[in-house]
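User: I have a structure open and would like to go through it piece by piece. Can you help me read it?

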2 protein chains.
Amino acid sequence: MKKSLADRIEQYLKVLISRSDDKAIEIQRIELAETFDCVPSQVTYVISTRFTEKEGYITESRRGGCGYVRIRQSPPSFGEDDLEYIDLFAFLAELKQRQLLSNREAELIKYLVVNTCASLPGEDKRKINAAMVKALYNYFV
Amino acid sequence: MKKSLADRIEQYLKVLISRSDDKAIEIQRIELAETFDCVPSQVTYVISTRFTEKEGYITESRRGGCGYVRIRQSPPSFGEDDLEYIDLFAFLAELKQRQLLSNREAELIKYLVVNTCASLPGEDKRKINAAMVKALYNYFV
DNA sequence: ATAGTAAAGGTCAAATAAAGTCAAAAGAGG
DNA sequence: CCTCTTTTGACTTTATTTGACCTTTACTAT
């Protein structure tokens, strides 16, 4: 799989974010462009296509001298308190949107939960559902 | 019965898949078309007629620069033994060995099961464990 | 303070690179 | 001859790369 420039920049930024303490980085567009030997707008392109709100990122920037671009990985929109009531499938969908789970993985988990629950007494289903969501939440946060 | 071009391309791809580590390949449609000296849509034709979901393949693709087509062979079936007694972790290890599960996926499932079970009364654990193994088994058949 | 300048980042559209679609034409077998 | 599969190619959609031009901010010299 040959990686496009955009892919490489994306990966680079994601590594930086994952290694950061607070899941946030601050870069200079021009500097990054020089690192990858490309035009600055290439960086803008990568950020606007791969670090969208939908995928769980929030960006801010400032122009002019000492300008910067800050990318923050936003925490999941569910509070920990709400966990019990969240529908598992919705949660999986969000994890997928954030590219924390592949489609295949999400499908596998769905299948697993549904089928595991299916063979158990009805009342326990909610418990398992909640426990599973909680486990997933902890795994990815 | 002389082999058609489509047949030859099909065979070629299947050899590539069988030789691959993870039963998945990534090709470029144009490149393959050049190899076989045909139009690109011929490749699309082969993929859409011979690598369908029904035949056990899953495909993904991306257009544009550095585009690709990925073909994954979805898992074949296994021998039917008495499932209840297979330990889940061992079972996961076997799935991994057969390259039906990636490492990441296996770890995710372990985490999920352990943590889901953790919050439940001890007696249910075995039930869930067994149900989970059964579900996994069914998923991969 | 103020005007001017340099140093960022933003926008947008063109050029290029793939893959997808669809239907017509060509071939193979019964 | 009729039907089903294969082959082709024109046209469409999507993704990436590049560059020219625009806007905002900080700093500097009056």
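This is a predicted model: local features need pLDDT of at least 70, side-chain atom pairs count only at pLDDT 80 or more; totals for chains, interfaces and linings use all residues.

User: Ok. How many helices and strands does chain A have?

Analyst: Chain A has 6 helices and 3 strands. Along the sequence they come in the pattern α-β-α-α-β-β-α-α-α.

User: And is chain A spread out or compact?

Analyst: Spread out, when set against a compact globule. The radius of gyration of chain A is 19 Å, whereas the globule rule gives 14 Å for 141 residues, so chain A is more spread out than a compact globule. The C-alpha atoms fill a box of roughly 65 × 35 × 20 Å along the principal axes.

User: What share of chain A counts as buried?

Analyst: Of its 141 residues, 18% count as buried.

User: Which domains does the assignment give for chain A?

Analyst: The domain assignment gives domain 1, residues 5-73, and domain 2, residues 80-140. The C-alpha centres of these two domains of chain A lie 31 Å apart.

User: Now the sheet in chain A. What order do the strands have?

Analyst: The order is β1-β3-β2, in an open sheet of 3 strands with antiparallel pairing. The edge strands of chain A are β1 (24-27) and β2 (57-62), and each of them pairs on one side only. From one strand to the next, the twist averages 15 degrees.

User: How many bridges join β2(A) to β3(A)?

Analyst: There are 6 bridges between β2(A) and β3(A), which run antiparallel. To find one of them, look at T59(A), whose bridge partner in β3(A) is I71(A).

User: Switching to chain B. What does the sheet look like there?

Analyst: Chain B has an open sheet of 3 strands in the order β1-β3-β2, paired antiparallel. Its twist averages 15 degrees from one strand to the next.

User: Why do β1 and β2 of chain B each have one side without a neighbour in the sheet?

Analyst: Because β1 (24-27) and β2 (57-62) of chain B stand at the edges, each with a single partner strand.

User: Side question: where do the side chains point in a strand?

Analyst: In a regular strand they alternate between the two faces of the sheet.

User: And what sits between β2(B) and β3(B)?

Analyst: The hairpin has 5 residues between the strands, and in it G64(B) takes a positive phi near 70 degrees.

User: How many residues does each chain bring to the contact between them?

Analyst: Chain A brings 20 residues and chain B brings 20 residues.

User: Which elements of chain A give two or more residues to that side?

Analyst: They are α5 (103-118) and α6 (122-140) of chain A. Of the elements on the side of chain A that touches chain B, α6(A) gives the most, with 8 residues. By type, the residues on that side of chain A are 11 nonpolar, 5 polar and 4 charged.

User: Last topic: D87(A). Where is it found?

Analyst: D87(A) is in the loop between β3 (68-73) and α4 (88-97) of chain A.

User: Is D87(A) buried or exposed?

Analyst: D87(A) counts as exposed, because it has 10 C-beta neighbours inside 10 Å, and the cut-off for exposed is 12 or fewer. D87(A) and V133(A) are 46 residues apart in sequence, yet their C-alpha atoms are 8.3 Å apart in space.

User: How does L88(A) count?

Analyst: L88(A) lies in helix α4 of chain A. With 18 C-beta neighbours inside 10 Å, L88(A) counts as partly exposed.

User: Which residues does L88(A) touch?

Analyst: Leaving out residues up to four places away in sequence, L88(A) touches V113(A), N129(A), M132(A) and V133(A). As for I109(A), it is 21 residues from L88(A) in sequence and 9.8 Å away in space, C-alpha to C-alpha.

Key
Residues are numbered from 1 along each chain as its sequence is written. Chains are lettered from A and ligands numbered from 1 in the order in which they are written. Two strands pair if DSSP finds at least two bridges between them. Helices (H or I, at least four residues) and strands (E, at least two) are DSSP runs, numbered from the N terminus. Axes are lines fitted to C-alpha atoms, for helices over the stretch in contact, and angles run from 0 to 180 degrees between N-to-C directions. Two residues are in contact if their C-beta atoms, placed from the backbone, lie within 7 Å. Ala, Val, Leu, Ile, Met, Phe, Trp, Tyr, Cys and Pro count as nonpolar, Asp, Glu, Lys and Arg as charged, and the others, Gly among them, as polar. A residue is buried if 20 or more other C-beta atoms lie within 10 Å of its own, exposed if 12 or fewer, and partly exposed in between; C-beta atoms are placed from the backbone. Domain bounds come from an automatic or database domain assignment. The radius of gyration is taken over C-alpha atoms; the globule rule is 2.2 Å times the number of residues to the power 0.38.
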